[in-house]
Amino acid sequence: MQAKACHLLPTKLPAAASPPKLPPPTYNTSQHNTISRAAISIAAPTTTPQELSTTVHDPVAPDDTVTAFWDYQFLFVSQRAETTTPITLRLVDGALPHDFPSGTYYLTGPGLFSDDHGSTVHPLDGHGYLRAFKIDAARGKVEFMARYIETEAQAEERDPSTGKWRFTHRGPFSVLKGGKMVGNTKVMKNVANTSVLRWGGRLFCLWEGGDPYEIEGRTLATVGKFNLAGDRKMSPEAEDDGGERFTADFLDVAAKILKPILHGVFKMPPKRLLSHYKIDVRRNRLLIMSCNAEDMLLPRSNFTFYEFDSNFRLLQSQEFSIPDQMMIHDWAFTDSHYILFGNRIKLDVAGSMRAVCGLSPMISALSLNPSKPTSPIYLLPRFPNAQPNRLARDWRVPIEAPSQMWVLHVANAFEEKRFDGNLHIQIQASSCSYQWFNFQKMFGYDWQSGRLDPSMMNLEQGQEKLLPHLVQVNISLDANGNCQECRVNDLNQWNRPSDFPVINQDFSGTKNTYVYAASSSGSRQALPHFPFDTVVKLDTVDKSTRTWSTGRRRFIGEPIFIPKGSKGEEDDGYLLVVEYAVSTQRCYLVILDPKLIGWKNALVARFEVPRHLNFPLGFHGFWAPNVCNAVSTQVSRPIAQEFALSSANAPY
């Protein structure tokens, strides 16, 4: 689906621009909102940026397409400033609760989109910018720090003496207008901008396709690369279950030829680590996943799963070779399975030629493969030796979901063994249509003009279903592993565009009741679907859906759930979300009470980030409780429920 061309925001905001005086924001706590169904047409503004700044900051300006266009651009303005000294944030609403757990909320995402030589990169190729909110409830304060992750690409592209930037790495999604185009093989631009993790007392920033970078948690200084998926030896008591591999001689030969080429020319590591990881709280394990570099060019996919203890001892690893070409961004696990949604892709020969010649992003070498009306779901055995007397299901045969969908993010998956011996698996995720998803134009990026077009993310009336939305997948297997049923439905019949689904992580991999996500109220005529402005809470048991929305011309990113302690209910805690007030060019850390969403004003507190440190949209975050509160991060369910697991014989 083609997006319309639009103009690009200047690299730097007008110096004369001053914070506008807006009326206090109003918050929508209603359970049901009305979506505007007007057709979307966000045309390129004809006025100059200086003229537009007045319109953008006018509190009574009509919600027209020009204002919408610039509000969208302000969400992706580069932030070059860093602060290594903690800055106490100003409380502007509410109060920090005394029972809020002390810890740090880390949020990563791109920080820089334009250099000083005319090049603009795709948001997914923007240099990683780590933000840290240290919350101290005892003192009633929140401290903020922000720093660029000093990756190899960042060290090459930023002049330390002048602070000027020149992009030299094209990255997978961009073309450099002010840099080398033809023959530029610097594709693997590991910018560590996608997700953040603290495990075993160490902090990491991850990227899709490379080693994570370790960060010093107190100062946010970059320690260096950490070879998490490298040649690690398993602990003596652990065993490599070695997922049975489907082999094809021709493809094996091709893989051996491609590996050294991809590594030598394009610097692709043999094993490319995915940015999404999982934490099995009950077993206290970190689960990560990698794919093979050459699989982008071959009609098969090799995935390796690793499980680590809290000291980074490798407890087990399994490799699965699947005879289908797929691209995986996020995945799930249960007590006995790894779960993959097969987003099908194929090699695009014409796109590959354009990419090699520097005329299009390198990602254009791949295209989506919508050749089948169904979506494959692979149930891979996590502990294949746990039940030796049970007939194992052939994991190479996928469950075919009855609808075609491209899965973006997974909130959770769990399994339950029924009285009739059947195994029920439920997965909660966000997905979109193959018709809408476009590698090159995510966020409306146009490499030729370097512009962001909001219409890419805001389709016309009647096409909303193509956009990202929340789904629930239910699978029923009989005692022999045969699929009895597979259903895909909108989660709680919530059909508004939504993404970034999350849960209370204490319930990850086991049965949960609540799902939280970023969504849209639909209250804005010109930007009805994205950027998101609403936190939605979905109860999967009573099927209720409740929302909290921001004020006018304010957007949000991914929410994150913070549990209060070890004895509360599943939704006994707080939600953190960053609010982007683009009209005033400020960011706020918002604390919500999830129990009050949709009933009362769920806003607990808002803390303001100084305007000179206003930052662009973040991707994924992580809550790291203080060491003294570490017990709070363990499973918060009653003991009886904790051990009522579907696979009683699974190893601990």
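## Overall architecture

The protein chain contains 6 helices and 37 strands, where helices (H or I, at least four residues) and strands (E, at least two) are DSSP runs numbered from the N terminus. The model is predicted, with local features requiring pLDDT of at least 70 and side-chain atom pairs counted only at pLDDT 80 or more, while totals for chains, interfaces and linings use all residues. Residues are numbered from 1 along each chain as its sequence is written, and side-chain values use heavy atoms, with hydrogens and water left out.

Of the 652 residues of the protein chain, 61% count as buried. Buried denotes under 20% relative accessible area, exposed over 50%, and partly exposed the range in between (1.4 Å probe, protein chains only). Among contacts in the protein chain with a separation of 6 or more, 68% come from residues 24 or more positions apart; contact means heavy atoms within 4.5 Å.

The buried residues of α2 are Thr 67, Ala 68, Phe 69, Trp 70, Asp 71, Tyr 72, Gln 73 and Phe 74.

Helix α5 (residues 349–356) has Gly 351, Ser 352 and Ala 355 buried. These residues cover an arc of only 105 degrees around the axis, which puts them on the same side of α5; the arc is that of the directions from the helix axis to the C-beta atoms. An α-helix has 3.6 residues a turn, so residues three or four places apart point the same way. The buried residues of α5 pack against β18 (345–347), whereas Val 349 and Met 353, on the other side of α5, are exposed. At the start of α5, the backbone nitrogen of Ala 350 has a side-chain oxygen of Asp 348 within 3.2 Å. This falls under the definition of a polar contact: a pair of N or O atoms within 3.5 Å, of which, within protein, one must be able to donate a hydrogen and the other to accept it, and residues adjacent in sequence count only if both atoms are side-chain atoms. After α5 comes Gly 358, with a positive phi near 80 degrees.

## The second largest pocket

The second largest pocket has a volume of about 1100 Å³. On a 1 Å grid over the protein atoms alone, a pocket is an open set of points where a 1.4 Å probe fits, with protein on both sides within 12 Å along at least five of seven lines, and lining residues have an atom within 4 Å of a point. Grid points are joined across faces, edges and corners, and a volume is the space filled by probe spheres set on the points.

The lining of this pocket comprises 47 residues, and Tyr 277, Ile 279, Gln 505, Phe 622 and Trp 623 lie nearest its centre. Strands that each supply at least two lining residues include β12 (278–280), β22 (406–417), β28 (498–502) and β37 (620–625). β37 gives the most, with 6 residues. The lining divides into 25 nonpolar, 17 polar and 5 charged residues; Ala, Val, Leu, Ile, Met, Phe, Trp, Tyr, Cys and Pro count as nonpolar, Asp, Glu, Lys and Arg as charged, and the others, Gly among them, as polar.

Phe 144 belongs to strand β6 (residues 141–148) and counts as buried at 0% relative accessibility. Beyond four places in sequence, its contacts include Thr 83, Arg 131, Phe 133, Val 609 and Phe 615. Phe 144 and Thr 83 are 61 residues apart in sequence and 8.2 Å apart in space, C-alpha to C-alpha.

Thr 222 lies in strand β10 (residues 222–225) and is buried, at 17% relative accessibility. A polar atom of the Thr 222 side chain is 2.8 Å from the backbone nitrogen of Glu 150. Leaving out residues up to four places away in sequence, Thr 222 touches Tyr 148, Ile 149, Glu 150, Tyr 213, Glu 214 and Ile 215.

## Backbone features

Asn 284 is not a glycine, yet its phi is positive, at about 55 degrees. Asn 284 sits in the loop between β12 and β13 (285–292) and is partly exposed, with a relative accessible area of 34%. Phe 500 also has a positive phi of about 55 degrees although it is not a glycine. Phe 500 lies in strand β28 and counts as buried at 13% relative accessibility.

The peptide bond from Phe 530 to Pro 531 is cis, with omega near 5 degrees. Pro 531 is placed in the loop between β29 (514–519) and β30 (534–539).
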